[in-house]
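Colleague: I am learning to read a protein model and would like to go through one feature by feature. Could you show me where to begin?

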Amino acid sequence: MKHLLVPAALLAALATQAVAADVPIGELPDIAKPTAYRLDLTIDPAKSDFGGTAEIDIELKEGVSQLHLHGNGLKMLSAEAITGRMAPNPATYAQVHPTGVALVSFKRPLAAGRHTLRFTYTAPFMTGTSGLYKAVVQDRPYAWTQFQAIDARRVFPGFDEPRHKTPFTVSITAPAAMKAFANAPEVSATPAAGGMVKHQFAPIGPMPTYLGALAVGEFDVAEGVIPSNDVRKTPLPYRTIATKGQAGRMGTTMAETPKILAALERYFGIPYPWAKLDQIASPIHGGAMENNGLIVYDDTLILLNADAPPSQLRGFGTVVAHELAHQWFGNGVTPRWWDDIWLNESFAEWMGNKIGAEWRPDLGIGSGQLAGALGAMDEDSLAEGRPIRQPITDSAEINAAFDSITYQKGGQTIRMMSSFVGQEAWQKGVRLHLGRHWHGTATADEFFANIAEGAGDPRLVPAFRSFVDQQGVPLVTYKAAPGGAYTLEQQRFRLIGVDTPEAQWKIPVCASSGEGRQCTLLEQKTGPLGKVVGTAPWVAGNAGGTGYYRFDLPAADWDRLIAAGAALPAPEALTAVDSLWAGFTSGTGSFDRSITAARSFAGHPDRIVATFLPAEILSYTGRAGTPADRAAASAFVRNLAVPRLAELGLDPARGVYAKEPADRRQLRQTLAAYAVTEGRAPAESARLAEAARKSLAGDAAALDPGLRVTALRAALREDPALVDRLFEAVATSEDPLFRRQAAAALGSEAPTRLLDRSTDKRLQNLEVTSMIAAQFGNPDTRTAALGWLETNLDTLKPRLGGLLGGFVGVTGGLCSEAEAQRVDKLFRPRMTELGIGELDLARPLATIRQCAALKDKRGAEVSTALARLK
């Protein structure tokens, strides 16, 4: 992928020269500093390419005849340097590395000082969410951008590194029927030739390239103004933007965003820093991106019907709070280099959940955050992994930093440390950090120091580093000591079949007993913990669920804790069931204990606590169990879920339970999923299947959206002929949530041959990936799905582009050495073209092999225990 203005022979010569000059695959040499960008782009999403002119003002520290910068897939039409009033200095441009490193060679050397680089070029639209990507929605073409981490270079040449925070001025020429958006407010729209309009946007800055954003298309727009408050003294214009026909689903976002923004402004004590707030929906984004002033979200996150289910509201609240938190932490103060990007995401993950829970305490956001952190512990316990903070010397390694270790482990680590020093002291440190580096860059070390100074506790720095700079999960073992106290001992938690070296942390450990609480900083291998004086007969080893560690208790303490299961506070209950199951997977606890605990905790009012152990048992038997094991586990889960479901009631009609508390509705929906999709309860399955059939026949009142996936799966099991009807409904619906839910149901229950229809252009890319991932999630189709992917992976590339690399992760549900070898054979030769790093492949392979080791070690015990349940 090398483009040049000159003949191919010279291209080869420059490529050789670039290699000899040592192509910078990580940070660029500290020779040139960009001081301003001016982008003038022509974007028509109906076409295959876009183009324009990029001008970059730079300051050179020394004279050069060649300069490395970034550009990826750009077809360069002209390149030149302009110095004062001198005649333009022609240049040649060549991409010299697949990650988008380019070499600009000047006809005449440039002296140290100020210059302007001017490039004219074209580039292709992307089909996956990278660079400037497009999609057709209801026969209309649209374009959006995703620049993080290193895809701004697919849209314009530049210095694509976070340390360079630079002012931008942007103009977009687009078809007259389309609207255009950028980071800054639009200041003019002028007719141009060929039925086009030139949209000029105000300057914005300083910002790094990865936070730039553009969008073009026939969008619907809802406009409003967020009033001033004690922190922000001026009103703020804000908009919700989505593809044509979605205006009716913008109400929640328009009504609730101001509340979330105000909570963040109060916390940081700094006004929202940009001139506008636009939130734009994309049907293929899959997540969200915190671009200054123009935040991009997946459709399902900000386009909600009036009766949106609690799960969708939970996603809205946490993700909007996460992305808005970035406007201060990440955008206002930016990491200098990608090895500290974890701090951006870890902090925003913590803050998004914190503010989301304040916004809607009834949605179970706290339990969801904690469950995510506990899930990250499984990945963090593999030998193949990484610490939260790791050096990045090659740009190809950057994407590996956006994983559960960064988001979930990092977020829980911040939660642990903020609880350790106290919320007021932590907030003081955060404000100190932002104030010292506002509109600049900062490192994690500077953050640690500022937090410790603000909190007045220097112990925070080594404690933080012990979790950030090394991989692994601590296991804290409680040993009874005289007078009701405990001796604590720490070691590294190890899964069966995983060989990892020992490690040591400085762990804030807290135990609770009802209202009683006892805490210590466990800095050595062992240490004391005083008596936990409380109102309950039990002791929980992770009070409030704030710690990033697993724990083990004396047998008598486990017995008392399990007996109290349904009455425990949700955080204590959730960390208890996780540590119980971890005992089974590490070889220290029995499967029978997990069965006993599953029964006790099944009555808990928190949906995640009530179903945590049943879910783990089903996951294990689905991956590693015999057919008899799977049948017994299914019956066990059915017998736990159905009685509680009967108490709650199960009327699938739309809105029947709309006035109930959200936590009760969520519990019903979760229990229904376990009773029907996993337990195959006949009466409940028939009731939901009938509602699904009526809904597909046009009865909009027959089925509540919170039960939709479960009901559709039940209907597909009863009548496989519904596959075609449901597929057509997915392909033609304008409801983003329905499309995503129905695609998941199809992938979960339809035969694998359904995937042959993934080339249907009416499907959005995320619907295709959802169906494929769901096939891997079903034990009945998992093996066939691997075979289908082996046959079709290469043919999917033109459609899915960079999304294909994500399929390596879904293979982690397999459970044999033979399957691990098949996965390795499928993906290893394609790692470069799919953008897969070594760790991206190593993790699922390790997960598959760990499952096989667990099966070999404990499979007979599981079969015996499940057989006794009959």
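Colleague: How are helix 12 and helix 13 oriented to each other, parallel or antiparallel?

Modeller: Helices and strands are DSSP runs numbered from the N terminus, with at least four residues of H or I for a helix and at least two of E for a strand. Axes are lines fitted to C-alpha atoms, for helices over the stretch in contact, and the angle, from 0 to 180 degrees, is taken between N-to-C directions. Under 35 degrees counts as roughly parallel, over 145 as roughly antiparallel, 65 to 115 as roughly perpendicular, and the rest as oblique. Here helix 12 (residues 570–586) and helix 13 (residues 591–601) pack at about 160°, with their axes 9 Å apart, and they are therefore roughly antiparallel. On the helix 12 side the contact (heavy atoms within 4.5 Å) is made by Ala 573, Ala 576, Val 577, Leu 580, Trp 581 and Phe 584, and on the helix 13 side by Phe 591, Arg 593, Ser 594, Ala 597 and Phe 601. By class, this contact of helix 12 with helix 13 has 9 nonpolar, 1 polar and 1 charged residues. In that count Ala, Val, Leu, Ile, Met, Phe, Trp, Tyr, Cys and Pro are nonpolar, Asp, Glu, Lys and Arg are charged, and the others, Gly among them, are polar.

Colleague: What should I keep in mind about where these values come from?

Modeller: This is a predicted model, in which local features need pLDDT of at least 70 and side-chain atom pairs count only at pLDDT 80 or more, while totals for chains, interfaces and linings use all residues. Residues are numbered from 1 along each chain as its sequence is written, and side-chain values use heavy atoms, with hydrogens and water left out.

Colleague: How is helix 12 placed against helix 26?

Modeller: The axes of helix 12 and helix 26 (residues 838–867) come within 9 Å and cross at roughly 95°, which makes helix 12 roughly perpendicular to helix 26. Gly 583, Phe 584 and Thr 585 of helix 12 meet Gln 850, Leu 854, Arg 858 and Val 862 of helix 26. These residues of the contact between helix 12 and helix 26 divide into 3 nonpolar, 3 polar and 1 charged.

Colleague: And how do helix 14 and helix 16 lie relative to each other?

Modeller: The axes of helix 14 (residues 607–624) and helix 16 (residues 662–678) cross at roughly 20° and come within 10 Å, so helix 14 and helix 16 are roughly parallel. Arg 607, Thr 611, Ala 615 and Leu 618 of helix 14 face Gln 666, Leu 667, Thr 670, Leu 671, Tyr 674 and Glu 678 of helix 16. The contact of helix 14 with helix 16 has 5 nonpolar, 3 polar and 2 charged residues.

Colleague: Now the sheets: in what order do the 4 strands of the open sheet run?

Modeller: Strands of a sheet pair through backbone hydrogen bonds, either parallel or antiparallel, and two strands pair if DSSP finds at least two bridges between them. The order in this open sheet of 4 strands is 27-24-23-28, with mixed pairing. Its edge strands, each pairing on one side only, are strand 27 (526–529) and strand 28 (550–552). On average, neighbouring strands of this sheet are turned by 30° against each other, direction ignored. Strand 23 (residues 474–480) pairs with strand 28 in the parallel sense over 3 bridges, and Leu 475 has Arg 550 in strand 28 as its bridge partner.

Colleague: Which strands form the edges of the open sheet of 5 strands?

Modeller: That sheet has the order 16-17-18-20-19, again with mixed pairing, and its edges are strand 16 (219–226) and strand 19 (288–289). Strand 19 and strand 20 (residues 294–298) pair in the antiparallel sense over 2 bridges, with Val 296 in strand 20 as the bridge partner of Met 289. Helix 2 (residues 251–268) lies across strand 16, strand 17 (236–243) and strand 18 (277–282), running at about 135° to strand 17.

Colleague: Which peptide bonds are cis, and which residue has a positive phi?

Modeller: Most residues other than glycine have a negative phi, and most peptide bonds are trans. Here the bond from Gln 148 to Ala 149 is cis, with omega near 10°, and Ala 149 is found in the loop between strand 9 (140–146) and strand 10 (166–175). The bond from Gly 205 to Pro 206 is also cis, with omega near -5°, and Pro 206 lies in strand 14 (residues 204–207). Gln 138 has a positive phi, near 50°, and is found in the loop between strand 8 (131–137) and strand 9.
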